[in-house]
Amino acid sequence: MGKVPIFLAILLILCGCQNETPPSAATSQWQEIHGRDEGDGIRQPIYRVKTPKGWIRHDPLTDESIFDTTKSLCEFIIFEDPESIVRISLHNFPTEDLEQRIPPQAQIARWKQQFETLYTPNVIPQAFAGYAGLLFTGFGTIKGQEVMVMGWAMQLDERHYRSLSNPANQEEAIRWRQMRGDFTIKAVGPKNLLEKHHEDLILFARSFELLEEIPSHL
Amino acid sequence: MKMLQKIYHFLGSITFALILIGTTALLVIAGTFIESLTDSHRFASTFTYSSPFFSLLLLGFFLNILVSALRRWPFRIKHIPFLITHLGLLMILTGAIIKNYRGVQGSLHILEGGGNQTLLLADTYALQIREKDSNVPRYVKLSRDLTGRFNPINTGSLHIEPLEYAPHSSQYWETWIKGGIGFIRGLKPFPVYQWDKTNPLPLSAKISLEDYGICRIHAFQTSEENLESLIEHVYLQDLTIKFTDRLTGKTLLQEDLKNILGKDIALPLVKAHVKLHIPYSSVTGLSEPNIQTYFTADKKIDEVSIALEGSESLLNKNISRPHFGAFPIAIDLVREPALCFVQDEYNDIHLFAFDRCGRISRQIYPASTLESILVYEEGFGGYAVRTILPFRSSPESRAECEKALLDHLEQQLREGISKGEDLAPPLELLQQTCLKADADFIQTASDFLAHWNNTNQWLYPENLPLPTQLEKVFQQMPSMPKACHWIAKMFTEIDPLLKKGDDPLLILQRKNWPLLEDLKGSTEPVHVLTGLTQQFFGVEDVLPLPNSIQEDFSPSKQARFFSAYLRAYSIHLHSILAPLDEIAKTPHSLAIETTLSYAYRKKKAETKMEENLPLITLQIGEGKDKELITLIYDRLGAGFQWPVLQGKYLLRFQPEFKPIPYRVRLRNARQVNYPHSSQPYSFESDIIVTHINTQKSEEKTISMNNIHETWDGYRFYLSSISPSTEGAVKTVNIVVNHDPAKYWSTYPGAVLLALGIVLLFWFKTK
């Protein structure tokens with residue numbers, strides 16, 4: 001008689017064993033990022049990125065054309081005090097074919113050249129969300145001011161690029177052109193502030209992805 | 001009736017149960033040993049777990065448990081635990097049987113950023129058929145009859161008859177040579193010969209190329225070790241070498257190269273000895289093929305090298321005295337352009353192209369992999385490979401290349417002058433002289449440098465007449481710095497010794513040159529001579545006027561002084577010409593194509609069945625059209641699809657693809673390492689699982705010990721990530737498992753079994 005309750009108790013204990021991590025509190029949220037227009041000011045949502053709460057978002061004006069790739073798609077600001085802000089700008093570079101793409105190394109070289117003095121630059125490979133490229137970290141002086149830069153220069157995998165190169169109609173052609181584009185995320189600001197938000201910046205960048213799944217025949 | 005009763009009781013007896021348990025145990029033990037010996041789970045399971053006999057065992061267990069329960073009829077209260085236990089067992093077995101026949105286990109291969117909803121069912125056979133103008137392929141399962149033969153299939157308007165099957169095979173690409181015959185699109189097939197070096201080289205074909213003339217085609221089969229020798233033989237066929245005096249333009253000798261190779265050839269004032277090097281390996285390719293010519297005069301040997309491949313090909317490089325200029329004899333090669341296809345014993349095709357100036361280029365088409373392929377009409381038009389032959393680019397010949405280099409130099413000079421850049425004093429002097437003589441300065445400078453370069457002398461020889469247009473200019477040249485006269489005088493004395501090959505430092509030492517110490521730091525003769533030239537200018541102020549300064553000098557003598565002036569500023573054609581690859585070229589390339597196909601070889605089946613690549617030959621028919629095609633098993637279902645029936649359909653022999661009601665999108669995949677280590681701690685993938693009908697999505701991270709299970713029993717396991725390196729886009733393999741009976745048969749059966757066991761103990765205690 002005594003065996004049964006012991007047996008049941010063991011059974012219940014085993015059933016109760018679970019390894020489940022309780023969900024973490026939501027400290028970041030998904031935000032959609034629009035791509036560029038075709039010179040007509042009409043932009044479509046192309047990307048999404050997980051942004052920590054407290055970052056201030058700044059979009060181009062709705063009637064402003066950002067066909068020019070020197071203009072950012074969107075900016076985020078980490079604001080501590082008026083003297084201490086980190087500016088994070090997102091760019092994409094739509095192309096018609098593979099040969100037109102700018103290699104990530106060229107983007108990194110361009111960022112390096114912006115420094116008057118550059119101490120201990122660091123470049124490491126990165127890959128996420130179907131993109132592969134480089135992460136550049138550099139500290140030095142730009143226009144006489146000491147700043148730190150963290151920059152991601154990423155390119156869509158060639159296989160994905162080809163999948164996005166046969167649109168069925170004009171609407172798809174416009175959207176897929178944006179989806180094919182390389183992107184850069186560049187954070188510039190005081191060294192101490194970037195170091196303080198280093199993890200957030202890494203998670204932010206690595207969460208950057210296309211809204212739409214890249215088409216495949218499977 | 002009695003017999004039936006006996007069978008009935010036997011089926012429900014302990015004896016039968018023990019037989020079943022014993023047999024199952026033996027089968028499982030056998031399976032373990034077989035798998036261990038063969039290293040093949042599939043081989044083991046074919047004879048054990050997946051065999052019909054094992055299914056019979058399961059059925060036997062089912063019957064045994066069912067009958068042993070039914071034998072207790074009529075049932076009483078005390079039978080309840082027993083019946084519950086047996087019911088649980090029956091439900092578990094039912095679940096196992098249903099899972100065996102209706103369950104799904106397959107894998108999803110997903111590239112980061114992409115998605116998939118089609119499971120690949122390994123070790124199954126199907127045909128993927130894609131119709132032209134249809135985006136959606138269909139999959140037709142290949143089933144076997146009791147003898148193991150594949151059954152014919154009717155799908156749509158197609159009738160597919162499997163004719164032949166081989167359990168294992170290998171494949172290789174066939175490109176330019178297929179079945180011992182050569183193919184170039186648009187031309188008639190040409191024969192391929194077994195190479196025999198004792199016989200004359202056979203010609204496979206001759207073709208006429210627009211703007212280019214006749215091109216010979218050779219095609220051979222030979223072993224890899226004979227490749228180098230064969231290429232040399234083909235290259236030398238009808239190849240003429242021409243020796244020309246650079247200064248007069250006169251042809252000194254024109255002869256078949258193969259007749260003079262390795263022999264001493266008498267030319268005016270010099271002997272020539274020519275060697276050909278075409279080092280070639282199938283791994284490294286051509287390794288700087290070249291022709292080396294050794295000119296011997298008065299026991300002095302000058303070496304001239306001509307590269308046969310690359311951006312500097314055909315230029316005559318003076319190896320012995322490069323800073324003195326070009327060797328006075330120019331070497332050119334002339335031949336009919338030719339293509340040579342060689343297939344080695346590994347079925348790799350080596351394609352060599354020889355242009356009409358003797359350049360060699362090479363491409364390899366390995367039988368195992370190809371770097372680039374042409375796809376026509378998404379595969380419906382077939383596949384091809386193309387090669388671009390560097391025929392007829394401009395500049396083409398040696399003379400054209402040298403002219404292009406001079407033209408480039410002139411252009412640079414013009415640009416410099418137009419930008420207002422300062423000229424070096426000797427060039428300024430020449431510019432002023434040309435103004436006086438009404439001659440074009442740039443053209444004059446270029447002509448003089450080229451003419452001087454062809455003399456192969458440190459300074460311009462004073463007895464060598466100038467071309468008319470240069471003579472006119474040098475007649476007007478004013479007197480030059482006195483250092484130029486002294487330099488000219490010095491080199492008149494030491495030129496004969498330099499020609500013999502004596503070391504300049506030793507020459508100067510014998511002449512007790514006072515400023516020798518300053519020159520001893522130079523290791524190269526050219527630096528010693530340049531230093532010596534510059535020393536004269538350095539001490540010009542203290543140099544006396546030479547006696548000859550008052551004479552009227554001939555244009556040639558003026559040219560000699562002028563060349564000394566140029567040397568002081570290190571201006572000589574050798575040091576100021578740009579490399580040839582910086583000069584813009586106009587390619588007029590020739591592109592040739594051939595269709596791409598696979599060739600197959602049947603092989604004996606491997607014991608490790610997972611490594612087998614089956615082969616199937618099918619007859620495809622639609623109406624009156626029929627076609628035969630042989631296909632090799634594509635294990636991942638991601639390779640080529642082959643056109644049939646004039647490109648109306650594409651076909652691929654592959655595993656079954658089974659759609660699931662969920663689409664899985666792979667956001668990220670990563671290897672997580674132990675801190676400060678490259679050892680992997682975990683592999684993780686961030687996925688979005690979307691139910692196709694309801695479009696409800698769930699974001700999850702799956703890892704090696706953390707699977708995702710949907711409400712209806714689909715389980716997603718992360719199986720592998722490749723490559724694991726950071727910086728590369730990953731491909732992930734997710735194993736998907738679905739047991740349709742899990743929640744209504746297997747799990748409830750387990751609960752009932754546990755309950756039954758507990759009740760059995762409780763009732764027993766009571």
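**Figure 1. Helices H9 and H16 of chain B pack against each other.** In this predicted model, helix H9 (residues 425-437) of chain B meets helix H16 (residues 555-568) of chain B at an angle of about 140°, and their axes lie 8 Å apart. Axes are lines fitted to C-alpha atoms, for helices over the stretch in contact, and angles run from 0 to 180 degrees between N-to-C directions. Helices (H or I, at least four residues) and strands (E, at least two) are DSSP runs, numbered from the N terminus. H9(B) contributes Pro425(B), Pro426(B), Leu427(B), Leu429(B) and Leu430(B) to the contact, and H16(B) contributes Phe562(B), Tyr565(B) and Leu566(B). Contact means heavy atoms within 4.5 Å. Eight of these residues are nonpolar, none polar and none charged. Ala, Val, Leu, Ile, Met, Phe, Trp, Tyr, Cys and Pro count as nonpolar, Asp, Glu, Lys and Arg as charged, and the others, Gly among them, as polar.

Residues are numbered from 1 along each chain as its sequence is written, while chains are lettered from A and ligands numbered from 1 in the order in which they are written. Local features need pLDDT of at least 70, side-chain atom pairs count only at pLDDT 80 or more, and totals for chains, interfaces and linings use all residues; side-chain values use heavy atoms, with hydrogens and water left out.

Figure 2. A nonpolar core is a set of buried Ala, Val, Leu, Ile, Met, Phe, Trp, Tyr and Cys residues joined through side-chain atoms within 4.5 Å. The largest has 58 residues, and Phe448(B), Phe491(B), Leu532(B) and Phe536(B) touch the most other members. Helix H12 (residues 482-500) of chain B gives the most to this core, nine residues. Leaving out residues up to four places away in sequence, Phe491(B) touches Trp458(B), Leu459(B), Leu498(B), Leu529(B), Leu532(B), Thr533(B) and Arg560(B).

**Figure 3. Cys340(B) without a disulfide partner.** The nearest cysteine sulfur belongs to Cys215(B), 11 Å away. A disulfide needs two cysteine sulfur atoms within 2.5 Å. Over all chains, the count is zero. Cys340(B) is buried, at 0% relative accessible area. Buried means under 20% relative accessible area, exposed over 50%, partly exposed in between (1.4 Å probe, protein chains only).

**Figure 4. Asn737(B) in strand E38 of chain B.** The strand spans residues 731-738. Asn737(B) is buried, with a relative accessible area of 8%. Its side chain makes a polar contact of 2.6 Å with that of Gln105(B). Such a contact is a pair of N or O atoms within 3.5 Å; within protein, one must be able to donate a hydrogen and the other to accept it, and residues adjacent in sequence count only if both atoms are side-chain atoms. Beyond neighbours within four places in sequence, Asn737(B) also contacts residues including Lys99(B), Val104(B), Tyr714(B) and Arg715(B).

**Figure 5. Leu135(A) in strand E7 of chain A.** Strand E7 covers residues 131-142. Leu135(A) is buried, with a relative accessible area of 5%. Among the residues touched by Leu135(A), not counting those up to four places away in sequence, are Val123(A), Ile124(A), Trp152(A) and Ile202(A).
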